[in-house]
Amino acid sequence: MQNFLLIFLFLKVQNFYLKSIKVEGNKRIFSEFIKNSFGVKEGERIDFQKLSEGIKNLYKTGYFDQIEIFATTKDTFIDLIIKVSE
């Protein structure tokens, strides 16, 4: 939860664009399925609402017990890591 709050603070300060998404922890579910279900595409502007909706979308699939989002930023670009537990 702490990482999510930190991302929220960054997103409130300025506009960020999603540079990349990396998926970790998946064993049976393909990374591309997870990225597509998340709903935010690389190159799009990302904000708190889109992050929140993406996490909800992943939980709605019913495949994951836990979802964590980690981020690194450089300038106005953000790299996300979606860590899942199936």
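Colleague: Which residues of helix H3 are buried?

Modeller: Leu 51, Gly 54, Ile 55 and Leu 58 are the buried residues of H3. Buried means under 20% relative accessible area, exposed over 50%, and partly exposed in between (1.4 Å probe, protein chains only). This is a predicted model: local features need pLDDT of at least 70, side-chain atom pairs count only at pLDDT 80 or more, and totals for chains, interfaces and linings use all residues. Residues are numbered from 1 along each chain as its sequence is written, and side-chain values use heavy atoms, with hydrogens and water left out.

Colleague: How do I read the spacing of buried residues in a helix?

Modeller: An α-helix has 3.6 residues a turn, so residues three or four places apart point the same way. Now take H3.

Colleague: What span does H3 reach, and what is expected?

Modeller: H3 has 13 residues and reaches 18 Å from its first C-alpha to its last, close to the expected 18 Å. The expected span is 1.5 Å times one less than the number of residues. Just after H3, Gly 62 takes a positive phi of about 80°.

Colleague: What is the strand order of the sheet?

Modeller: Helices (H or I, at least four residues) and strands (E, at least two) are DSSP runs, numbered from the N terminus. Two strands pair if DSSP finds at least two bridges between them. Here four strands form an open sheet in the order E2-E1-E4-E3, with mixed pairing. Strand E2 (45–46) and strand E3 (66–74) are the edges, each pairing on one side only. E1 (residues 16–24) and E4 (residues 77–85) run parallel, joined by seven bridges. Val 23 stands opposite Ile 82 in E4. E3 and E4 pair in the antiparallel sense over nine bridges. Glu 68 has Lys 83 in E4 as its bridge partner. The E3–E4 hairpin has two residues between the strands, and Asp 75 there takes a positive phi near 55°.

Colleague: Which strands does helix H2 lie across?

Modeller: H2 (residues 31–38) lies across E1, E3 and E4, at about 145° to E1. H3 (residues 48–60) packs on the sheet too, touching E2, E3 and E4, and its direction makes about 150° with that of E3. Axes are lines fitted to C-alpha atoms, for helices over the stretch in contact, and angles run from 0 to 180 degrees between N-to-C directions. Contact means heavy atoms within 4.5 Å.

Colleague: How many residues are in the largest nonpolar core?

Modeller: In soluble globular proteins, nonpolar side chains tend to be buried together. A nonpolar core is a set of buried Ala, Val, Leu, Ile, Met, Phe, Trp, Tyr and Cys residues joined through side-chain atoms within 4.5 Å. The largest one here has 19 residues, with the most contacts inside it made by Ile 34, Phe 38, Ile 69, Leu 80 and Ile 82. E1, H2, H3, E3 and E4 each supply at least two residues of this core. Beyond four places in sequence, the contacts of Leu 80 include Leu 18, Phe 38, Leu 51 and Ile 69.

Colleague: Is Ser 37 buried or exposed?

Modeller: Ser 37 counts as buried, at 16% relative accessibility. Ser 37 lies in H2. Leaving aside neighbours within four places in sequence, Ser 37 is in contact with Asn 57, Leu 58 and Thr 61.
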